[in-house]
Amino acid sequence: MGHLSTHVLDTMNGCPAAGMQVELQRLDGTSVTTLKAFRLNADGRNDGGALLDAQTMAVGRYRLVFAVAPYFRALGVNLPEPPFIDEVLLDFGIADAGGRYHVPLLVSPWAYSTYRGS
């Protein structure tokens, strides 16, 4: 069964990015629709489980918006103004609505990486 999930790890502190604000958006041409906004739990994941489940998965373009600078500022990290990384906007496509899509983010105030997980 198809589903979409995410997980964020704070590579500066070596821990899950608990408390980071994230939005899931659907992209359709020039239109952007926010499907879900949530704060990551102590494990760096969405408390509600899958962001899209078998009933809501659909082929298309999506975006995850990770509020990186506010997360690190809340931890007391002294960031420049403007910060080097404020938000990470991660655009991706779902080509198979029955597939499993996991989008991890590894992030610090100065770098990030991602991949399609399982």
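**Fold, core and aromatic pairs of a predicted model**

Ala58 lies in the loop between E4 and E5, where helices (H or I, at least four residues) and strands (E, at least two) are DSSP runs numbered from the N terminus. The structure is a predicted model, in which local features need pLDDT of at least 70 and side-chain atom pairs count only at pLDDT 80 or more, while totals for chains, interfaces and linings use all residues. Residues are numbered from 1 along each chain as its sequence is written, and side-chain values use heavy atoms, with hydrogens and water left out.

With a relative accessible area of 26%, Ala58 is partly exposed, a class that lies between buried (under 20% relative accessible area) and exposed (over 50%), as found with a 1.4 Å probe and protein chains only. When residues up to four places away in sequence are not counted, Ala58 touches Arg26, Ile94 and Ala97, contact being defined as heavy atoms within 4.5 Å. From Ala58 to Pro82 there are 24 residues in sequence and 36 Å in space, taken from C-alpha to C-alpha. Pro82 itself is placed in the loop between H1 and E6, and the peptide bond that joins Glu81 and Pro82 is cis, with omega about 0°.

The protein chain as a whole contains 1 helix and 8 strands, and from the N terminus on these elements follow the order β-β-β-β-β-α-β-β-β. The C-alpha atoms fill a box of roughly 40 × 30 × 20 Å along the principal axes. For 118 residues, a compact globule would have a radius of gyration near 13 Å, and the 14 Å of the protein chain agrees with this; the radius is taken over C-alpha atoms, and the globule rule is 2.2 Å times the number of residues to the power 0.38. The accessible surface comes to about 6,300 Å², of which carbon and sulfur atoms hold 52%; such areas come from the Shrake-Rupley method with a 1.4 Å probe, and for residues only the protein chains shown count as cover. Of the 118 residues in the protein chain, 43% are buried. Among the contacts between residues at least 6 apart in sequence, 62% join residues at least 24 apart.

In soluble globular proteins, nonpolar side chains tend to be buried together. A nonpolar core is here a set of buried Ala, Val, Leu, Ile, Met, Phe, Trp, Tyr and Cys residues joined through side-chain atoms within 4.5 Å. The largest such core has 29 residues, and Leu4, Met20 and Phe66 are the ones that touch the most other members. Two or more residues are given to this core by each of strand E1 (3–10), strand E3 (21–28), strand E5 (60–67), helix H1 (68–74), strand E6 (87–94) and strand E7 (100–107). Beyond its neighbours within four places in sequence, Leu4 is in contact with Leu24, Ala50, Leu51, Leu52, Met57, Phe92, Tyr101 and Val103. His3, which is placed in strand E1, counts as buried at 18% relative accessibility, and its contacts outside four places in sequence are Ala50, Leu52, Asp53, Met57, Gly99, Arg100 and Tyr101.

Leu40 is found in the loop between strand E4 (31–39) and E5 and is buried, at 4% relative accessibility. Although Leu40 and Ala18 are 22 residues apart in sequence, their C-alpha atoms are 5.2 Å apart in space. Apart from residues up to four places away in sequence, Leu40 touches Val8, Ala17, Ala18, Gly19, Met20, Val22, Arg45 and Asn46.

Rings of Phe, Tyr and Trp (its six-membered ring) are said to pair if their centres lie within 6.5 Å, and planes under 30 degrees apart count as stacked, over 60 as edge-to-face and the rest as tilted. By this rule there are 2 aromatic pairs. The rings of Tyr62 and Phe92 are stacked, because their centres are 6.1 Å apart and their planes stand at 25°. Tyr62 lies in strand E5 and Phe92 in strand E6, so this pair ties together parts that are 30 residues apart in sequence. Tyr62 is buried at a relative accessible area of 2%, and Phe92 is buried at 12%. The rings of Tyr71 and Phe72, with centres 4.8 Å apart and planes at 75°, are therefore edge-to-face. Tyr71 is buried at 6%, as is Phe72 at 0%.
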